[in-house]
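Welcome, and thanks for taking a look at this one. Please have the sequence and the 3D view open side by side as you read.

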Amino acid sequence: MIPISGVISRLAAPSRQMVAGPPSRLARPGGTRRRPATPRRSSIHRGVTAVVLVLATSGWAVLRHYDGRVRHTPLTFAAGVDRPASASGGTQNILLVGSDTRAGTNGEFGVAEGQRSDTTILAHLDENGSTTLISFPRDLWVRIPGYTDSRGTQHAAQRSKLNSAFSYGGPSLLVATIEGLTGIRVDHYVQIDFVGFQGMTDALGGVTVCIRELPPELKARGFDNLHDHYSGFSGQVGENRLTGAQALAFVRQRYGLPESDIDRIRRQQQFLGVVFQRIASTDTLLNPAKLINVVDAATSAITLDDRTSLADLRLLAVRMQSIGSGGVTFATVPAAAGQRAGQSVLVPDPDQLGAFLKPFGGRAATTSSTGALPAAAATSAAVPVSWSRPAAGVAAGGGVRVIADSAPAAAPAGVSCTY
């Protein structure tokens, strides 16, 4: 998921680090005077001052300009959908979606009909100042509410993989599905497609990620996290400098990874950390042309719900600036590997899910994920998933259980490596 909000905050409000400077030293004890600024220091000072003045005086004007360029989509809900109440106080919940559309990629990443929610993250901005990014695996087995498709055909509620909700009914059905699963009201919806993902990464000059080496026993079983012809990713153990196309392939790979969708989520979480660090770096902040290029790339491919503007994302932007210092926590919805309708899926346990969601003001759905609702037909593209390496915890029955992951370091030099 591309952090457009981080760029927004930089345009809308100058950083304290940029505005604040060291105390003035006009004179020292003994009558010594401050050393005159060298031409280089003076030039840098003038450059920083110019950037600060531009941002301070025209930041919101620029924001309004770009707000007029982003696309908006209405969120409409069926009569039978009972949305949760909004959170109290200053708490906000923002659904961040990376859409798996191939439009504009000239077939570089394959051809797929329609689009799916390739990345789904709920950003929980608590009124107490904490921020948690909750990742939802695309293979999570969920209840999809009834909906009416684009042809006017009505469909009853059913069980299917989470990413099917977006394919069936777009943003509205995905929001309804997330709200039904978690009991958490989605305040804002943010979506970005593949083209914007590539363009923004290229505008930043690329990012550096870190890849762990697979143990020999996993390699012997055919796992390969360095080369994947499905996503097009090719890398090496250790640090990898990625431009747009390879960065996109890096966060899309799932085949060849020991835990498939879960390992891909860990890659996405690592990627978010390094991208926000790049945005917050002086290399970006003191280069107005680069900053504008990043915003141009992001806003050209962003979609918001029709009640959300770029200004509404400012709190998220401010919170995300602390991602490299541990101020943002990553978590993954708990689930166990299973089989449903002939597909390999992740099945959430209601009790575990309820305990996981409680700190965020949510609750698990009262109906079991194995209830009597019909399941969506299995697709020929379903590929069995091997769950070889236990995640942070293992259930009593021996099944793999995915629980909250700690936030990865954002600095490339010490970033947490992932498979």
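What follows is a short tour of this predicted model, from the whole chain down to single residue pairs.

## Overall picture and confidence

Let's begin with the chain as a whole. The protein chain holds 12 helices and 19 strands, and of its 419 residues 50% are buried.

How confident is the predictor? The average pLDDT of the protein chain is 77, and 70% of the residues score at least 70. Two stretches call for some care. Residues 14-32 have a pLDDT below 50, and beyond near neighbours in sequence this stretch has 14 contacts in the model. Residues 102-114 also fall below 50, with 21 such contacts.

## The disulfide

The model contains 1 disulfide. It joins Cys210 and Cys417, whose sulfur atoms are 1.7 Å apart. Cys210 sits in strand β10 (residues 207-211) while Cys417 belongs to the segment after β19 (400-401), so the bond ties together parts that are 207 residues apart in sequence.

Are the two cysteines buried or exposed? Cys210 is buried at a relative accessible area of 8%, whereas Cys417, at 28%, is partly exposed.

## Aromatic pairs

There are 4 aromatic pairs in the count. One of them is stacked: Tyr147 and Tyr168 lie 6.0 Å centre to centre, with 5 degrees between the planes. Tyr147 is in strand β6 (residues 147-148) and Tyr168 in helix α4 (residues 162-182), so this pair connects parts that are 21 residues apart in sequence. Tyr147 is buried at 11% relative accessibility, and Tyr168 is partly exposed at 29%.

Tyr230 and Tyr255 make a tilted pair, 4.6 Å centre to centre and with 55 degrees between the planes. Tyr230 comes from the loop between β11 (227-228) and β12 (233-234), and Tyr255 from the loop between α7 (244-252) and α8 (261-280), 25 residues apart. Here Tyr230 is exposed, with a relative accessible area of 51%, and Tyr255 is partly exposed at 26%.

## A hairpin to look at

Strands β16 (residues 336-340) and β17 (residues 343-347) pair in the antiparallel sense over 5 bridges. Within this pairing, Ala337 stands opposite Leu346 in β17. The hairpin has 2 residues between the strands, and Ala341 takes a positive phi near 55 degrees.

Technical notes
Residues numbered from 1 in each chain as written. Predicted model: local features only at pLDDT ≥ 70, side-chain atom pairs only at ≥ 80, totals over all residues. Heavy atoms only, no water. Disulfide = S-S within 2.5 Å. Helix = DSSP H or I, 4+ residues; strand = E, 2+ residues; numbered from the N terminus. Buried < 20%, exposed > 50% of the residue type's maximum accessible area, 1.4 Å probe, protein only. pLDDT = per-residue confidence, 0-100. Contact = heavy atoms within 4.5 Å. Pairing = 2+ DSSP bridges. Phe/Tyr/Trp six-rings, centres within 6.5 Å; stacked < 30°, edge-to-face > 60°.
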